[in-house]
Amino acid sequence: MPVKVKGGGKGEKKAQTVPTSKSGLMKSQLINKSMVESRVRLQAPSRRWKDGEGGEEEMDEAWLAPKTLLKPDDQLQLTEKELKEEITRILTADNPHAPHNIIRFNFKENTFKHLTHIDQFAMHLGLDGNLLHKESDEAQRQMDREKGEEDEVEENESGGEEEDKEDGEGEKGEEDQEGEKKAEEESKETQKGKAKDKKLKNQFNFSERASQTYNYPLRECGTMTEPPPRSNFSGCVNQMEIYDTYVEDLARQAREKKKSSKQSAKDEDKSLKKSLSDHPGSDDITKVSRASKIMERMVNQNTFEDIAQDFKYYENPSDEFADNKGSLLPLWKFAYEKTKRMAVTCIQWNPKFHDLFAIGQGSYDFGEQAKGMICFYSFKNPTYPELVYPMESGVMCLDIHKEHPFLIVIGLYDGSVSVYDLEKKGSVPLYQSTAKSGKHADPVWQVAWQENDMDNNLNFYSVSSDGRVVVWTIVKNELRFEDVVELNVPGVFVDGPDGSEVTAVAAGTCFDFNATNKHLYIVGSEEGHIYKCSKAYKKHFVDIIQGHHLTIYSMKWNPFHSNVFVTCGADWAVKIWDSNLKDPMFTYDLNSVVCDIAWSPFASTVFAACTADGKVFVFDLNINKYEPLCVQPIIQKKKTKLTHIAFNPTYPVIIVGDDRGFVTTLKLSPNLRKALKEKTYSKENEVAKLEKLMNFVREPLLEKAT
């Protein structure tokens, strides 16, 4: 019989038919019962008021009544201000129970040390599991077992439903049959979906697939190579054949010696190549030369690691309390066994590779002249030079071309000049002057590359003690010369070859070309005179100044200001000049012979000088115009003299050479390079800074001249 159930509020009724089969009847009764209970709970107040306790008006007022807040008895009473106050709490992942006093033994320092880093990791749950492959035996057994259980359940349910159908066939209507079919179809679909969604898992040891990493399969790869070809050689010899072979070899060596003494330099190169091709075993060292050089640098880098760290990062902390005084930190010391006791006569940085520099070595003493040598050193290998070029005469000066760093010009003690190409192997120069091609009569004290001429030919200048300033031009395969200026001592006359009086010749010692006015250059002499010259006026001087009382050893134009240059000499003096005045702007007495001087490449007011008593002086005119900021002895032995000094164009480093063949690297402390730390640092500001400083001294000198 169909059962009707009342439900809803305010008299609403809804009839629901319930099937009378056993299984369907139980399900529908449970659903209707839950619906009736929920509606009864929702309509309970309205039913009570409708029965006569208050009527419809009281019911509406009860729903509109405000909600009352229930507070516990022990709750704090807070004001509005306290309630609005925001309290921020920061949650961290630190473990509050982690120990903070762990001490362990440090084997490197051989002491117990407190651990600053504490592990905050805490394990709350750990599960070990795995998945079974679908095609494995165990997975197949599980799938068969679960499938059998599902089949049993389906058979039991289908059997019960058939019995119910037979009992209530006559009582069911068409609507009941349609509802059962739909229910059966829905149940089958849900069961199929569940069967598809069901994951295969190991019930005893299970874990999710996402928690495991992928194990890449191992792969093997092999190749087949052909074995190298082999050849067997055998033969029999006796004593006579051995003797004849030795005799032939001795005769061949004698012939080669005879030919080598007569052949020219080019023929020597050809014979060397031929001998190398005849004896391929002697070329084995060239195959590993690059690898051995890299290995040597790696070993030296580990050996001199402390010096490399100081070169890169160390800053002297004592400069903060030194009252603008500075210091020099010794770094590497370069030397070559074959050049010991040979003086460092010149130093030049490579314009392209700023860790590479070249030095020339020879002797300044006329009675101790011997062979010279050129060595190229790098910061990457302080123990051995990168390149070595031996010379038949002592090297007095050298210069590296700025646009072509592989070209180097050398001035020798015998008066000749040579041009070398570093890209070509061998110690044979590309060009060399001879007595027929304008060779100097005295030692060449300085050489300098210049810009190409109108025909785009390479050219360079040289100065010597014979009083000549010569320009050398490389035209095709020939080195041509032209005398630009012949230095004369003003007011001094000597007897000429025909008995007439002629002006005495001045011995040139150094020169330098202006970086801004390319045609302007200055020349120093042994008599202490400064000659202002121009490329536009040959055989004539622009001006002559009595600069020093003794020989001028070095002179340099300021790299920032085109009118300022500095000179030093054997009269212990360092003088700073304005090219438009005949009196020095600044004069410093260093109490010893000043052998060389150099301007800083990063500041217009900083320069350094080295003296014969083994000291290095560093000045900064912007900080102190009257005394140096740093005076530091470099050599301990009193007999050793410093000869040359040079600033690195990039790093805050200077190198100093002495007359024993050693080159010392020194790092400037922060007080000696304050210009780099200025926020307004620029080339224009450096020029203005030096110009302002010179104006203070220039005005009194102009008044004195007038």
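Phe112 sits in strand S2, which covers residues 111-114. The model is predicted. Phe112 is exposed, because its relative accessible area is 62% and the cut-off for exposed is over 50%. Together with Ile103, Phe105 and Phe107, Phe112 makes a nonpolar surface patch of about 500 Å².

Salt bridges number 15 in the structure. Three of them are listed below.

| Pair | N to O distance |
|---|---|
| Asp249 and Arg252 | 2.7 Å |
| Glu386 and Arg297 | 3.0 Å |
| Glu686 and Lys689 | 3.1 Å |

Asp249 and Arg252 both belong to helix H6 (residues 239-262); they are three residues apart, so about one helical turn separates them. Asp249 is partly exposed at 28% relative accessibility, and Arg252 is partly exposed at 29%.

Glu686 and Lys689 are likewise three residues apart, in helix H11 (residues 683-705), and therefore about one helical turn lies between them. Both residues of this pair are buried.

Glu386 is buried at 17% relative accessible area, whereas Arg297 is partly exposed at 26%.

An open sheet is formed by four strands in the order S8-S9-S10-S11, with antiparallel pairing. Strand S8 (395-400) and strand S11 (431-432) are the edge strands, each pairing on one side only. S8 is joined to antiparallel strand S9 (residues 407-412) by five bridges, and Val395 stands opposite Leu412 in S9.

Terms used. Residues are numbered from 1 along each chain as its sequence is written. This is a predicted model: local features need pLDDT of at least 70, side-chain atom pairs count only at pLDDT 80 or more; totals for chains, interfaces and linings use all residues. Side-chain values use heavy atoms; hydrogens and water are left out. Two strands pair if DSSP finds at least two bridges between them. Helices (H or I, at least four residues) and strands (E, at least two) are DSSP runs, numbered from the N terminus. Patches are made of residues with over 30% relative accessible area and no salt bridge: like charges are joined within 9 Å, nonpolar side chains (Val, Leu, Ile, Met, Phe, Trp, Tyr) within 5 Å. Accessible areas come from the Shrake-Rupley method with a 1.4 Å probe; for residues, only the protein chains shown count as cover. A salt bridge is a side-chain nitrogen of Lys or Arg within 4 Å of a carboxyl oxygen of Asp or Glu. Buried means under 20% relative accessible area, exposed over 50%, partly exposed in between (1.4 Å probe, protein chains only).
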